[in-house]
Amino acid sequence: MTGDDANDKAPTNPAAQAARYPRPTVGLDEAEWVWRHLGVEALRPDGRPETVRLAVIAGLTRATGARYGDLLRVRVDDLDLGPAGAAGRGRVAGERGAGEGRVLVRHGKHRTPRRHRVPGDVLLVLRHWMTVREELAAELEGSVPRALLLTVHHTHDNGTTVASGLPITRQGLVLSWRRFVLRTNARYGATRPPLPTRFEQVRRAWCDAGVPDLGVEVVTSEQG
């Protein structure tokens, strides 16, 4: 059997695909609760920068289906947040509906560029994050990094203190989600089911339900 034959015979139904992922996917209602909770907490006057960043991650994941690696490749110039957006100067081609934004995401190991719609509720969080990220990088020498997702704390790497406002790593995103899970589970206790330890379990709930915008593949000349 050739490789192509094997791919043709691979299971494609959702149940078979779900069985290949070892951890259970949360229900759609639970995933939507995560987004609503983070969206509200992020916009509070006393909201933590880490919470704002988590809301950006949840919102963009819900809108595009992106994984951590995809989000780490998103730059400020990949955003179009509309006339009121701090990143409205981003070069993202295509049509944008009223009250919507756009984001260019490079998906998967082949980094396939796709342009996705960003709904209005995610735009609010993104615009707030653009202000927060500028403040985080204020102490850095030189220009602000172009990566969308930055560190929010001074961190330590092999005994060296690393300033906030630098591009975050995948491990940083993993640890940030775990901290949020621990805080939230402790806060709500027995009043609601505990959140999953991996954000992928939430992402898959949105993808399985067809929530993300599939987007439009962008040819190289459009990326600028």
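**View 1. Aromatic pairs across the structure.** A search of the whole structure finds five aromatic pairs, where rings of Phe, Tyr and Trp (its six-membered ring) pair if their centres lie within 6.5 Å, and planes under 30 degrees apart count as stacked, over 60 as edge-to-face and the rest as tilted. The model is predicted, so local features need pLDDT of at least 70 and side-chain atom pairs count only at pLDDT 80 or more, while totals for chains, interfaces and linings use all residues. Residues are numbered from 1 along each chain as its sequence is written, and side-chain values use heavy atoms, with hydrogens and water left out.

**View 2. The pair of W33 and Y188.** The ring centres of W33 and Y188 are 5.5 Å apart and their planes stand at 85°, so this pair is edge-to-face. The pair links distant parts of the chain, since W33 belongs to helix α3 and Y188 to helix α7 (residues 170-188), 155 residues apart; helices here are DSSP runs (H or I, at least four residues), as strands are (E, at least two), numbered from the N terminus. W33, at 18% relative accessibility, counts as buried, whereas Y188, at 23%, counts as partly exposed (buried means under 20% relative accessible area, exposed over 50%, and partly exposed in between, with a 1.4 Å probe and protein chains only).

**View 3. The pair of W177 and F199.** With ring centres 5.1 Å apart and planes at 65°, W177 and F199 also make an edge-to-face pair. W177 lies in helix α7 and F199 in the loop between α7 and α8 (200-208), so the pair ties together parts that are 22 residues apart in sequence. W177 counts as buried at 2% relative accessibility, and F199 counts as buried at 6%. Both residues belong to one aromatic cluster, formed by Y68, W177, F180, F199 and W206.

**View 4. The packing of helices α3 and α6.** Helix α3 (residues 28-42) and helix α6 (residues 120-136) pack at an angle of about 40°, with their axes 10 Å apart; axes are lines fitted to C-alpha atoms, for helices over the stretch in contact, and angles run from 0 to 180 degrees between N-to-C directions. That angle makes α3 oblique to α6, because angles under 35 degrees count as roughly parallel, over 145 as roughly antiparallel, 65 to 115 as roughly perpendicular and the rest as oblique. In this packing, W35, G39 and A42 of α3 meet D121, V122, V125 and H128 of α6, contact meaning heavy atoms within 4.5 Å.
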